[in-house]
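Dear colleague,

Please find below the structure that I am handing over to you. My notes on the backbone and on the charged side chains follow it.

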There are 2 protein chains.
Amino acid sequence: MDANQLWQRYQDLLCDCGDLGIALDVSRVPFGDDFMHGMEQPIQQAYDAMTRLEAGEIANPDEGRMVGHYWLRDAALSPNETIAKDITKTLKGIKQFAKKVHEGKTAPQKAKKFTDILQVGIGGSALGPQLVADCLGTSKDKMRVHFLDNTDPDGIARTLKSLRSKLKSTLVLVVSKSGGTPETRNGMLETEAAYKKAGLKFGRHAVAVTGEGSRLDDYAKKGKWLKRFPMWDWVGGRTSVMSAVGLLPAVLQGLDIDAMLDGAAEMDRLTRERDTRRNPAAMLALMWHFETGGKGLKDMVMLPYKDRLLLLSRYLQQLIMESLGKELDLGGNQVNQGIAVYGNKGSTDQHAYVQQLRDGLNNFFATFLVVLQDNALANKPEKKALQVEPGVTSGDYLSGFWQGTRSALYESGRSSLTLTLNQLDTRTLGAVIALYERATGLYAELVNINAYHQPGVEAGKKAAGVVLDIQSKLLGKLAEDKKTAYTADELAEAIGSPESVETVFHILEHRAANKHGVTKKDGRYRVS
Amino acid sequence: MDANQLWQRYQDLLCDCGDLGIALDVSRVPFGDDFMHGMEQPIQQAYDAMTRLEAGEIANPDEGRMVGHYWLRDAALSPNETIAKDITKTLKGIKQFAKKVHEGKTAPQKAKKFTDILQVGIGGSALGPQLVADCLGTSKDKMRVHFLDNTDPDGIARTLKSLRSKLKSTLVLVVSKSGGTPETRNGMLETEAAYKKAGLKFGRHAVAVTGEGSRLDDYAKKGKWLKRFPMWDWVGGRTSVMSAVGLLPAVLQGLDIDAMLDGAAEMDRLTRERDTRRNPAAMLALMWHFETGGKGLKDMVMLPYKDRLLLLSRYLQQLIMESLGKELDLGGNQVNQGIAVYGNKGSTDQHAYVQQLRDGLNNFFATFLVVLQDNALANKPEKKALQVEPGVTSGDYLSGFWQGTRSALYESGRSSLTLTLNQLDTRTLGAVIALYERATGLYAELVNINAYHQPGVEAGKKAAGVVLDIQSKLLGKLAEDKKTAYTADELAEAIGSPESVETVFHILEHRAANKHGVTKKDGRYRVS
């Protein structure tokens with residue numbers, strides 16, 4: 001296609017979200033009318049499915065759950081009064097709590113005011129809040145947000161050390177929907193121990209966000225924590241950023257959560273559109289389908305040209321891969337679906353892997369995110385931008401690099417989408433998140449999978465449990481006879497699990513390296 | 001294979017780096033003896049090529065350059081006296097400079113001592129230093145390192161704002177091999193403007209790392225900067241972390257750069273081994289080849305189970321994708337090579353995309369990085385690790401999650417490698433970097449490509465230049481006639497580039513959004 005045909009295609013296909021200041025350009029994906037005609041019936045069925053989902057159907061059949069993240073930004077859409085009230089009441093509670101914290105009415109034990117937040121959570125309980133905090137944070141934030149998102153003792157110690165002098169004014173948010181996520185439980189226990197060591201009562205600095213009646217909920221109740229906020233079984237972790245999971249740290253940080261909810265609600269309205277070419281979420285889902293053959297044949301590379309959007313790729317990596325990466329379809333057929341997602345930011349990535357995108361393997365399609373207003377979060381545009389060359393700003397370069405890369409990819413037969421945001425602010429971020437949530441949901445319908453469960457994650461927890469069970473037996477055996485040194489094979493035999501010998505070996509190596517109950521000499525292990 | 005066969009396979013194939021405390025496990029890649037036999041001749045040829053490369057052959061023919069990053073850690077290997085002296089002299093100079101900075105003998109204009117470092121660089125001038133600083137940083141660091149790695153005006157402003165109160169004690173390292181990288185130039189100019197605004201002479205806070213005689217070198221000379229360190233044309237950006245690019249910020253931070261160089265040199269020695277099964281770099285390269293068919297058919301997922309290694313995946317993404325992602329082979333045939341690399345850290349990623357790895361699309365192989373000693377950078381192991389359950393630590397969980405995920409992937413037919421580090425410290429990190437450098441070099445030989453150029457990056461700069469040229473003409477045209485408002489089509493016509501109309505449109509949209517020389521009304525643009 002020559003440049004003028006492309007320009008016509010750009011104008012014809014541009015999917016504009018009007019007032020939100022967001023526009024999706026699909027002109028550099030080489031689909032034709034035939035593709036759109038062929039997909040019209042499936043996408044109409046996908047709209048129907050989303051309508052039923054939003055009306056409260058059990059859209060997550062494996063877990064027998066409704067899927068209600070869309071209600072979070074418009075409680076009136078809830079399928080019943082109870083849910084509507086829960087949403088409204090929780091939102092109000094979050095704001096009231098934050099107000100008290102900001103005013104110092106809810107104060108820590110040994111300081112006047114809370115100054116910092118430590119959110120302890122993993123997966124959906126971390127990625128959304130991390131994106132929001134980093135994307136929208138400024139020097140004027142009311143509180144600073146930190147995270148523990150793993151069970152790495154060194155990583156935990158490092159974060160707690162960095163907070164040491166501020167522990168007494170740090171508010172800890174422990175976030176686990178199930179209340180039983182081991183990484184989060186461990187992070188919480190390590191944090192609690194640090195408070196204890198500092199002579200501080202943990203409960204006077206702690207808030208729980210979890211399912212009612214969960215283990216964490218009980219623990220918080222017994223420990224007289226400051227507050228408990230609910231998580232509901234109809235909100236999945238990866239779509240929980242607009243529940244208490246994400247709203248609580250955001251409002252404490254000082255962000256305008258109403259704007260975020262409003263942006264998401266507006267995008268929800270726009271993406272219920274059944275005229276497909278006017279529905280940006282449907283167009284996204286269809287482009288993914290076109291590019292990957294509906295089978296994940298290509299990777300999705302996310303390239304936001306804005307430092308503040310660095311974590312968006314990681315956020316979408318979870319949203320899309322955990323939703324779409326499934327073994328079985330809804331009919332129980334083995335399909336091994338998914339789309340691999342990766343990326344960091346432009347133009348930085350142009351000096352990293354974009355070499356491969358331009359010249360190498362054509363196994364991807366790119367999504368550019370462009371922000372027109374250079375000065376993010378500014379109500380007024382920067383008037384005195386520095387001229388790095390006569391008449392040229394750093395922002396002109398950033399924009400030029402995006403255009404250059406987009407053209408070069410097109411010229412070498414690589415597809416790209418561009419999502420342009422007029423400005424980057426709380427409302428727009430809410431809308432972008434909603435856009436991708438809907439696109440993921442629609443795509444899942446197109447390929448007939450359950451986007452709302454994560455059986456592999458449960459399996460992962462179980463597999464780790466098996467390892468820890470073996471560890472327990474192993475340490476028990478070693479303790480029985482303190483003088484004997486065993487090989488890994490002998491120990492596996494001795495605990496009645498000869499087939500677990502490699503697991504036994506790795507456990508022993510880890511314990512011995514930490515001089516933790518085990519010593520190693522000449523390939524034999526004994527209790528230390 | 002049953003568990004006992006796997007255990008035997010693990011022991012038979014383990015590739016141990018002895019004293020370095022690093023071991024590569026390839027037992028969960030289902031290759032057989034036939035594969036190893038078939039690859040023996042190609043890998044022997046690859047060793048030969050690496051020998052010639054290390055001896056100073058022009059291993060980067062397109063650019064007519066030698067490839068000498070291996071000499072950086074053992075100057076005695078240099079192909080001539082001049083290079084050996086350059087390496088030794090520069091290393092000495094770096095240490096002397098850092099000593100003076102630490103002692104306050106090289107001091108800023110209006111403060112007693114430098115406390116912070118701002119490294120301005122992109123691609124290879126940022127990713128390695130970022131990895132090193134984050135992986136090895138502690139609360140005892142002598143200086144804190146910050147980065148500008150893009151031309152995003154908002155991102156630059158945000159970083160400079162966070163340094164505002166410390167600007168007078170911040171040492172700026174401007175790093176660009178060519179001295180002409182626009183992102184770095186822009187970051188430098190914005191930083192210089194901030195110093196000027198603060199009433200500080202930039203030159204008294206600035207150091208250049210660049211090729212001798214480059215534009216940056218001249219600029220630093222004229223501006224009477226504190227110091228200039230050389231970059232040589234025989235060191236590529238993505239392998240420059242052990243040149244002044246990475247060593248200077250590392251030693252300023254207080255890291256033991258001799259240990260890093262020593263670890264790398266030791267790994268270099270081990271990976272010159274021609275008995276393939278004992279050479280971890282060769283085994284890595286061969287596993288990549290087996291898994292991807294020598295054509296990048298699968299993605300490489302990096303999963304370090306250690307928070308401090310979070311940036312390793314991004315570092316390796318550049319090293320591997322920029323090296324291997326090439327259109328042409330050394331014979332000039334179109335091959336479109338490459339391997340896509342992504343990942344963050346475990347077990348965190350188990351709650352993100354590992355759902356897809358376990359259950360979904362089988363289009364990847366995983367590389368686990370495991371650190372046996374839980375307490376990174378500690379000379380003594382943690383004796384009082386918290387028990388999160390009776391007899392169980394956070395680190396036991398981390399280790400259990402790795403084992404669980406490795407088993408589960410194997411059971412569902414997904415391949416994985418595991419690189420185990422006894423401990424994580426400066427020496428080990430140097431060795432891991434050297435291991436991947438050599439593996440990348442060997443793989444490139446196996447598929448017959450030049451791993452040391454990046455033609456696509458140059459093309460990217462050129463494409464952006466075209467956009468900026470059009471912008472300049474456009475603004476000129478608008479300024480000629482301040483009253484007329486044009487459509488994008490009319491303006492493209494007017495500047496004699498009707499085929500560039502879409503580029504014209506995007507430039508105008510960007511400028512109008514920033515109220516920067518252009519205003520838009522009813523789809524028409526005029527000068528503002």
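Helices and strands in this message are DSSP runs, numbered from the N terminus, with at least four residues (H or I) for a helix and at least two (E) for a strand. In that numbering, B:S347 is placed in the loop between β9 (341–342) and α12 (354–359) of chain B. Please bear in mind throughout that this is a predicted model.

Backbone

The residue B:S347 deserves a look, for the peptide bond that joins B:G346 to B:S347 is cis, with omega about -5 degrees. Chain A has a cis bond as well, from A:G346 to A:S347, where omega is near -5 degrees. A:S347 is found in the loop between β9 (341–342) and α12 (354–359) of chain A.

Two residues other than glycine have a positive phi and may be inspected next. For A:N448, phi is near 60 degrees. A:N448 belongs to the loop that runs between α14 (426–446) and α15 (455–480) of chain A. Its relative accessibility is 34%, so A:N448 counts as partly exposed. For B:K224, phi is near 50 degrees. This residue sits in the loop between α7 (215–222) and β7 (227–231) of chain B. Is B:K224 buried or exposed? With a relative accessibility of 70%, B:K224 counts as exposed, since the cut-off for that class is over 50%.

Salt bridges

Over all chains, the search of the whole structure finds 69 salt bridges. I describe three of them here.

The side chains of A:R73 and A:E437 form a salt bridge, with 2.6 Å from N to O. Which parts of chain A does this pair tie together? A:R73 lies in the loop between α2 (33–54) and α3 (81–103), and A:E437 lies in helix α14, so the bridge links parts that are 364 residues apart in sequence. A:R73 is buried, at a relative accessible area of 8%, and A:E437 is buried as well, at 3%.

A salt bridge within a helix is found between A:E266 and A:R269, at 2.9 Å from N to O. Both residues belong to helix α9 (residues 257–270) of chain A, where they are three residues apart, about one turn of the helix. A:E266 has a relative accessible area of 18% and is therefore buried, the limit for that class being under 20%. A:R269, by contrast, is partly exposed, with a relative accessible area of 42%.

The side chains of A:E502 and B:R28 also meet in a salt bridge, at 2.8 Å from N to O. This pair crosses between chains: A:E502 is in helix α17 (residues 501–513) of chain A, while B:R28 is in strand β2 (residues 22–28) of chain B. A:E502 counts as buried because its relative accessibility is 5%. B:R28 likewise counts as buried, at 9% relative accessibility.

Finally, there is a network in chain A. Salt bridges that share partners join A:E54, A:R73, A:D268, A:R272, A:E437 and A:R438 into one network.

With kind regards

Methods. Residues are numbered from 1 along each chain as its sequence is written. Chains are lettered from A and ligands numbered from 1 in the order in which they are written. This is a predicted model: local features need pLDDT of at least 70, side-chain atom pairs count only at pLDDT 80 or more; totals for chains, interfaces and linings use all residues. Side-chain values use heavy atoms; hydrogens and water are left out. Buried means under 20% relative accessible area, exposed over 50%, partly exposed in between (1.4 Å probe, protein chains only). A salt bridge is a side-chain nitrogen of Lys or Arg within 4 Å of a carboxyl oxygen of Asp or Glu.
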